[in-house]
Amino acid sequence: MAEQLVELNVTGMHCNNCALSIHKLLEKKGLQNILVDFAGEEVKFSNNDHIAIPGIIKDIEGLGFKVVDDPATQITPFYEKIENKFVFCAVLTAPLLLHMVLPWHFLHNPIVQLLLCLPVFLVGCLHFGKSAFNSIRGGVPNMDVLIFVGSTAAFIYSLVGTIENLGEHYEFYETCAAIITLVLLGNVLEKQSVTQTTSAVKDLIKIQLVNANRVINGGIEIISAKEVRPGDTLQVNQGDKIPVDGEVLSGNASVDESMLTGESIPVEKEKYSSVIGGTIVQHGNIRMLATKVGSNTILSQIIDLMKKAQAAKPPVQKLGDKVAAVFVPAVILISLLTFVLTYFAGHTGMQTALMNAIAVLVISCPCAMGLATPTAVMVGLGRAAKNGILIKGGDTIEAVANTKYVVFDKTGTLTTGKFRVNDIKITGKINPELVRGIIMAIEERSNHPIAKSLVNELKTLTMAKVILKAVKEEKGLGMRAEDVEGNHYFLGSGMATDDSGFNLSLYKNQKLLAQIDVDDEIKPDAAALIAQLKKMGIIPVLLSGDKKARCLKVAQQIGITDIHAEKLPDEKLKVIDIYKQKGKTIMIGDGINDAPALTQADVGVSMNDASQVAIQSARVVLLNTDLHSVIKFLQVSRHTLLTIKQNLFWAFAYNIIAIPVAALGFVNPMIGAFTMAFSDVVVIGNSLRLKRKKLGPPAP
């Protein structure tokens, strides 16, 4: 049965525990490939058994969340906005706190305090109580359970004291109100901070929201980019964003593609050039044909990949998730023990024991552990994307830690992929024009860089016309062809017999006709990259299907000593396996011929221009062909992983220190609520430092 990919927009998720409860619900239903992004308000899953979607939506809403058509158009009621709840509670809480320092006797009246606290408590019940109840139903109790229990205990204790007229030692209305208000403040700050961590994806989505000038019957019609259909002719003027992917029909333009590649130098476009949606025409005007629209554009694929990447958890997060799942029950147990031991063993008063127990509840913070990894991953992936590095998963960031080997393909990776024909050596007495005609007829049917170079050079020379009725490409070998007279041809490297400079051979009916010497240029920054990798303690390896002599020549020029030449795609897999057994291995290739090897390596990196094959086969796509992107990728990965570890250390250390301090009575509940609210902000703030942090060289 066909797999159905379902995408839902879910509002109301405000922390990682919310995402965990939805994830757990969908897992119980047997759904696959579940991705829950609490910051992006998206839930995705594969529905193999075609379980009724309305039923799934009903169950998600049963947890207290809301499934909407489009979060952007969803209007949140005034009273439901977290900012408005905070302001309302802060206005009523301020007098309750001021009564402790001001000599205004009416503020000391328990009835006045009850009237000020009651609305705040009701807001807390609706906000935290509803979330707490739904999280318990979902099987993943969240922080709101602790806040609700703590604030309710303080309110009920105070209410009983007021009703029984037990005096001011039994009145802690300010404690109840302050807990709710301060945690709401933390929620406001957390919401604003998390929004910043997801800005990379949101910035890319904004790029898509443009208008297009569609040419109809000689006139111009302005439409939304979403309304463009394949085959439409569009006019793009200077300063405009190109609305969708397509090809230039007429005109010339300089296009800024930095949003895609990180490369600031504009790219010149002319007739037949490909253009990418979201890029900006800096100079000139073009008329283009729309070829890919909607979800098929490169920009849409990148946005989709980034969303999936943010949901893919690094192994380091599993520890945080495991602790977060049992954290709330453990804290409630510690709180009860604190009350019992303080009251019965410590022989203190009821109010002291209760305040200590409440302080334990409100000072503990499971959210910091839940936010430690996803916030750092989102910022790290966003920074990488702005540098033209598309990392397809938070787990990839951890996978490149302690890399020992970086295996490079040669053509198009360490070299430019722009070939020149040095010489054509013809065997026997055959007309050179006929040989050139055969080569031209075969190679113009191929998209390989060498084929394109041959075609470009040969079309300036005279040649005989050769008509082929069949052409077939054999990956890693070359091209086979048959002409209308039944002659069979082979043009490629797979059957060459010597190590001379001639690296391509042309055969007719298994008889050698000619040998061709083709060479490509080494990228100017290749030697610097290899030197930097060696400084980092990483061993560079060259793995290519090209002739040994050419591989040696390139390797010697840039400083690589480990060389594997003349390897077919299946042989490359074996080489990668050998290195994987010796240490963590990254493979960097062009993403087409090297697709199997890219998949086999611990991390596959494609030096391609985001072609479909590259996007599918590699875990990292370097959209900018500048080799410095490799170092930038390693730096971003290292610093993102470092940030995750710092966040987790803070989250664990905070709770390990804060809970015993509260249990021993050194912190009152109001201070506890204040520190808890800001522990989340510390984690998110540390993650946001990644946006502008100076990245040093990755450690060995």
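Tutor: Let us begin with a cut-off: a residue is called buried under 20% relative accessible area and exposed over 50%. Please keep in mind that this is a predicted model.

Student: Why is Val 10 called buried?

Tutor: The relative accessible area of Val 10 is 0%, so Val 10 is buried. Val 10 belongs to strand β1, residues 4–11. From C-alpha to C-alpha, Val 10 and Lys 66 are 5.5 Å apart in space, although 56 residues separate them in sequence.

Student: What makes Leu 542 buried or exposed?

Tutor: Leu 542 has a relative accessible area of 0% and is therefore buried. This residue is found in strand β20, residues 539–543. Leu 542 and Lys 410 are 132 residues apart in sequence, and their C-alpha atoms are 6.8 Å apart in space.

Student: How many disulfides are there by the rule?

Tutor: The count comes to 0 disulfides. The rule asks for a pair of cysteine sulfur atoms within 2.5 Å. For Cys 117, the nearest cysteine sulfur is that of Cys 176, 3.9 Å away, and Cys 117 is in no disulfide. Likewise, Cys 176 has the sulfur of Cys 117 as its nearest cysteine sulfur, at 3.9 Å, and is in no disulfide.

Student: Are these cysteines buried or exposed, and what are their values?

Tutor: Cys 117 is buried, because its relative accessible area is 0%. Cys 176, at 0% relative accessibility, also counts as buried.

Student: Which residues of α19 are buried, and where do they fall around the axis?

Tutor: The buried residues of α19 are Pro 569, Lys 572, Val 575, Ile 576 and Tyr 579. Seen down the axis, the buried residues of α19 fall within an arc of 105°, and therefore they line one face of the helix. In an α-helix there are 3.6 residues a turn, so residues three or four places apart point the same way. The face of α19 turned away from the buried side carries Lys 574 and Gln 581, which are exposed.

Student: What makes Leu 333 exposed?

Tutor: Leu 333 has 53% relative accessibility, so it counts as exposed. Its place is in helix α10, residues 315–345. Together with Leu 337 and Leu 341, Leu 333 forms a nonpolar patch on the surface, with about 300 Å² of accessible area in total.

Student: What is noted about the phi of Asn 217?

Tutor: Asn 217 is not a glycine, yet it has a positive phi of about 50°. Most residues other than glycine have a negative phi. Asn 217 lies in the loop between β5 (211–216) and β6 (219–224), and at 82% relative accessibility Asn 217 counts as exposed.

Student: Where does Gln 510 lie, and what is its phi?

Tutor: Gln 510 is in the loop between β18 (504–508) and β19 (511–522). Its phi is near 65°, a positive value in a residue other than glycine. Gln 510 is exposed, because its relative accessible area is 76%.

Note on methods: Residues numbered from 1 in each chain as written. Predicted model: local features only at pLDDT ≥ 70, side-chain atom pairs only at ≥ 80, totals over all residues. Heavy atoms only, no water. Patch = residues over 30% accessible without salt bridge, like charges linked within 9 Å, V, L, I, M, F, W, Y side chains within 5 Å. Areas by Shrake-Rupley, 256 points an atom, 1.4 Å probe, with all protein chains shown as cover. Salt bridge = Lys/Arg side-chain N within 4 Å of Asp/Glu carboxyl O. Helix = DSSP H or I, 4+ residues; strand = E, 2+ residues; numbered from the N terminus. Buried < 20%, exposed > 50% of the residue type's maximum accessible area, 1.4 Å probe, protein only. Arc of directions from axis to C-beta.
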